[in-house]
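Subject: Structure handover

Hello,

I am passing this structure on to you. Please look through it first; my notes follow below.

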Amino acid sequence: MVGRDVILYLKGLTKTFAGHKAVDAIDLEIHEGELFTIVGPSGSGKTTLLRMLAGMEEPTSGDIILRGERINAIPANKRPTCMVFQSLALFPHKEVGANIEFPLKIRGVAPAARKQRALELMGLLRLPESYYGRSVTQISGGERQRVALARALAFDPEILFFDEPLSALDYKLRKTLEKELKDIHRETRKTFVYITHSLEEAMVMSDRIGVMRDGKLVQIGSPQEIYSTPNSKFVSEFIGDVNVMPVTVADNGTLTSPQIPGEFAAPSIADGLRDGFLVVRPEYLRFLSEPGDADNHVPGRLYNEYALGSRIQYHVRVGEMTFVLEKLRHEAFQGKLDQEVLIGWNAADSIVVPDQ
Ligand code: ATP
């Protein structure tokens, strides 16, 4: 399990480019051995933040504290950290083995010991031993990514920073490597800090996720917390499909929406929130036989259905709005397109959040 010791502490970390705050007063504690992912849309400041942590960009203000020591002014090559890039910075004219051994060579490790360590790392990264003498131009993109990771691990850094390492790979390979990376994290017990614009990628791998928007961390939590209890419409919409309706909290505590007629039973709502957004995940919406089968019910029309492998997604039109429902394939809803349906959800399976 993840230790609770703080390895990296950021205090008011800020980077300004020509008056624009790319990273805006970030406070964050990263724990020893955790896989922490920073996720956010393009331009939200992820790369700038990671480059400051790795020593490739100087902060405008704030502190970066590694195990209690302020490292703002320490250059990248003097820090006990290592960056793994999306654009693979491998030596193209060298073999797999020589690439992985490079950090050991510059430290003066003897050839036999270097080779032994390279082969160990290749085993960890599931690269066949026969690749040791092969040029990195003669292996696939996914294999090159593994070589890059093996080389980063050969540095034996305290923290590995990953800058969207999987984004250039095709979908299937990316899905495989997401899981492999999590396995490697488990086996090495190193601290990994990972950035991606894909919250889905972050969900698969991370111990904790920080969601970035406009240079700020707007929510930090476990994948489960980010998914089930997003603190804003922005975070809730950042992963997968979700049903989001503008709502007003009435004096009697029920919800009304300009988009849907009727009143809805509300979940517990943060004090003082009067106007917000009702969020219901597709798996919590159900087709009802009777209105009383759920706390809230809405009549609609089955518009379409989509096979998503083990699940089926249904779109139900209610006035101008489309609700998204998902069911496991073996529990598929037997309906016809354009059929009138009744859908609903329980108040406890929904949340009301502010816009930001
Ligand atoms: P992406 O997912 O597209 O890589 P990002 O979240 O990593 O985006 P950054 O690359 O950190 O975002 O950029 C954050 C903001 O800072 C953007 O508005 C960007 O234009 C600006 N920015 C980044 N680097 C510089 C620079 N060297 N000079 C000026 N502005 C910059």
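Strand β1, residues 6-17, and strand β4, residues 61-66, run antiparallel and are joined by five bridges. Within this pairing, Lys-11 sits opposite Asp-63 of β4. Both strands belong to an open sheet of four strands, ordered β2-β1-β4-β5, with antiparallel pairing. At its edges are β2 and β5 (69-70), each of which pairs on one side only. Please keep in mind that this is a predicted model.

Is Asp-24 buried or exposed? Its relative accessible area is 16%, which is under the 20% limit, so Asp-24 counts as buried. Leaving aside residues up to four places away in sequence, Asp-24 touches Leu-13, Thr-14, Asp-214, Gly-215 and Lys-216.

Arg-4 is placed in the segment before β1. Its relative accessibility is 63%, over the 50% limit, and therefore Arg-4 is exposed. Between Arg-4 and Ile-106 there are 102 residues of separation in sequence and 33 Å in space, C-alpha to C-alpha.

The ligand

Which residues are around the ligand? They are Phe-17, His-20, Ala-22, Pro-41, Ser-42, Gly-43, Ser-44, Gly-45, Lys-46, Thr-47, Thr-48 and Glu-164. Sorted by class, this shell has three nonpolar, seven polar and two charged residues. Two elements, β2 (20-31) and α1 (46-54), each give at least two residues to the shell. The largest share, three residues, is from α1.

Several side chains come up to oxygen atoms of the ligand. For Ser-42, a polar side-chain atom is 2.5 Å from a ligand oxygen. In the side chain of Thr-47, an N or O atom lies 2.5 Å from an oxygen atom of the ligand. For Thr-48, an N or O atom of the side chain is likewise 2.5 Å from an oxygen atom of the ligand. On its own the ligand has 630 Å² of accessible area, and the protein covers 57% of that.

How many of the nine residues of α1 are buried? Seven are, and the helix is mostly covered. The buried residues of α1 are Lys-46, Thr-48, Leu-49, Leu-50, Met-52, Leu-53 and Ala-54. Just after α1 comes Gly-55, with a positive phi of about 90°.

Helix α2 covers residues 96-106, and its buried residues are Val-96, Gly-97, Asn-99, Ile-100, Glu-101, Pro-103 and Leu-104. An α-helix has 3.6 residues a turn, so residues three or four places apart point the same way. The buried residues of α2 pack against α3 (111-124) and α4 (141-154). After α2 comes Gly-108, where phi is positive and near 80°.

A hairpin and a second sheet

Strands β9 (residues 208-213) and β10 (residues 216-221) are antiparallel and are joined by five bridges. Opposite Gly-210 stands Ile-220 of β10. The two strands form a hairpin with two residues between them, and Asp-214 in the turn has a positive phi of about 50°. Asp-214 is also one of the residues that Asp-24 touches.

The chain as a whole

The protein chain has eight helices and 20 strands. Its C-alpha trace spans about 75 × 45 × 35 Å along the principal axes. Of its 356 residues, 47% are buried. The accessible surface comes to about 17200 Å², and carbon and sulfur atoms account for 49% of that. Among contacts with a separation of 6 or more, 66% are between residues 24 or more positions apart.

Regards

Definitions and conventions
Residues numbered from 1 in each chain as written. Predicted model: local features only at pLDDT ≥ 70, side-chain atom pairs only at ≥ 80, totals over all residues. Heavy atoms only, no water. Near = heavy atom within 4 Å. Polar contact = N/O pair within 3.5 Å; in protein donor to acceptor, adjacent residues only side chain to side chain. Areas by Shrake-Rupley, 256 points an atom, 1.4 Å probe, with all protein chains shown as cover. Nonpolar A, V, L, I, M, F, W, Y, C, P; charged D, E, K, R; others polar. Buried < 20%, exposed > 50% of the residue type's maximum accessible area, 1.4 Å probe, protein only. Contact = heavy atoms within 4.5 Å. Pairing = 2+ DSSP bridges.
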